[in-house]
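Hello,

Here is the structure I promised to pass on to you. Please have a look at it first, and then read my notes below.

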Amino acid sequence: MTPAERDLRYYAALGLAAEASHLAQGYFSRRETLGTTMKGAQDWLTVADGAVEAFLRERLSQLFPDDTVIGEEGGGEASDAVWILDPIDGTANFAHGDRNWCISIGFLADRRPEIGVVAAPALGELYAARRGGGVTLNGAPIKVSGGADIARASIELGWSTRIPAERYIDVIGRTYAAGAAVKRSGSGTLGLCHVANGSSDAYAELHINAWDVAAGIVIAGEAGATINDFFAGTGLSKGNPILCCTPGLAVELRRITGIA
């Protein structure tokens, strides 16, 4: 893929994020009338998830008919040029009126994350990055905190029903024992973005899906974060663990989380 072709996709993603944000925010403002369903334990689904993903799929098929799309709701197939979408990451937050949710648009070329755009309209945040081109939050450059003392660190730990609760609790215990503060905000995508802007020192989850991290990996990486090779093996199709942190904490957090 040429730089011009990648840039075209980057600017398209920015425009699509703006349109999708308007659509999602409209649903959020009347969420109490929408109703919700459950795909599984603590796995929420609203009308907004399907509507936003359908909108993004339709527009991407018009703009880039040779690209493929993988979305949380509609699935899809990988290719040398694939968009990875999470229409509403943090759906449980969305359904409860918590503003910590976002729209995630990632793009991979030859299995390498190239573009990440994350819009959190209820928070007034837009993260945008191209590999090798830096990252911005609402147009201003951002970077990781640079913290290196685990006893002063703020660590977000994501939770998944795909992993036994005992393993998650063990990681929490080791993190607290090391002296760090632990938090959970309910959106893995924004967890990575908050490492990128320095409001967290790390985000870790023992299993997470590609649509939750495809955009955030580009954003956090361009902000200077150390990130494990999430797309190794079957990461794209079946998910993997994720560890994203400021570089000075990487060695300690690999030990604590067991994520290499």
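Strand 4 and strand 5 (residues 102-109) form an antiparallel pair joined by seven bridges. Across that pairing, Ala81 sits opposite Ala109 in strand 5. Before I go further, please keep in mind that this is a predicted model.

Where do these two strands belong? They are part of an open sheet of seven strands, in the order 3-4-5-6-7-8-9, with mixed pairing. The edges are taken by strand 3 and strand 9 (140-141), each with a single partner strand, so one side of each has no neighbour in the sheet.

Here is the sheet, walked through from the strand 3 side:

- Strand 3 (residues 68-71) pairs with strand 4 in the parallel sense, over four bridges. Thr68 faces Val82 of strand 4 in this pairing.
- Strand 4 (residues 81-89) is mostly covered, with nine of its nine residues buried.
- Strand 5 is joined to strand 6 by seven bridges, and the two run antiparallel. Here Phe107 stands opposite Ile115 in strand 6.
- Strand 6 (residues 112-120) and strand 7 also run antiparallel, joined by six bridges. Ala119 is the residue opposite Leu126 of strand 7.
- Strand 7 (residues 125-130) is mostly covered too: five of its six residues are buried.
- Strand 7 then pairs with strand 8 (residues 135-137) in the antiparallel sense, over three bridges. In that pairing, Ala129 has Val135 in strand 8 as its bridge partner.

Which residues have a positive phi without being glycine? Asp110 is one of them, with phi near 55 degrees, and Arg111 is another, with phi near 70 degrees. As background, most residues other than glycine have a negative phi. Asp110 lies in the loop between strand 5 and strand 6, and Arg111 is found in the loop between strand 5 and strand 6 as well.

Are these two buried or exposed? Asp110 has a relative accessible area of 54%, which is over the 50% cut-off, so Asp110 counts as exposed. Arg111 has 44% relative accessibility and therefore counts as partly exposed.

**Helices 1 and 2**

Helix 1 (residues 3-29) packs with helix 2 (residues 47-63) at an angle of about 155 degrees, and their axes are 10 Å apart. The two are therefore roughly antiparallel to each other, and helix 1 passes helix 2 in a right-handed crossing.

What meets at this contact? From helix 1 come Ala12, Leu16, Glu19, Ala20, Leu23, Ala24 and Tyr27, and from helix 2 Val47, Ala48, Ala51, Val52, Phe55, Leu56, Arg59, Leu60 and Leu63. By class, that makes 14 nonpolar residues, two charged ones and no polar ones.

Helix 1 also holds Arg6. Arg6 has 17% relative accessibility, so Arg6 counts as buried. Apart from neighbours within four places in sequence, Arg6 is in contact with Met1, Glu114, Ile115, Arg130 and Arg131.

Best wishes

Technical notes. Residues are numbered from 1 along each chain as its sequence is written. This is a predicted model: local features need pLDDT of at least 70, side-chain atom pairs count only at pLDDT 80 or more; totals for chains, interfaces and linings use all residues. Side-chain values use heavy atoms; hydrogens and water are left out. Axes are lines fitted to C-alpha atoms, for helices over the stretch in contact, and angles run from 0 to 180 degrees between N-to-C directions. Angles under 35 degrees count as roughly parallel, over 145 as roughly antiparallel, 65 to 115 as roughly perpendicular and the rest as oblique. A crossing is left-handed if the near helix is turned anticlockwise from the far one by less than a right angle, and right-handed if clockwise. Contact means heavy atoms within 4.5 Å. Ala, Val, Leu, Ile, Met, Phe, Trp, Tyr, Cys and Pro count as nonpolar, Asp, Glu, Lys and Arg as charged, and the others, Gly among them, as polar. Buried means under 20% relative accessible area, exposed over 50%, partly exposed in between (1.4 Å probe, protein chains only). Two strands pair if DSSP finds at least two bridges between them.
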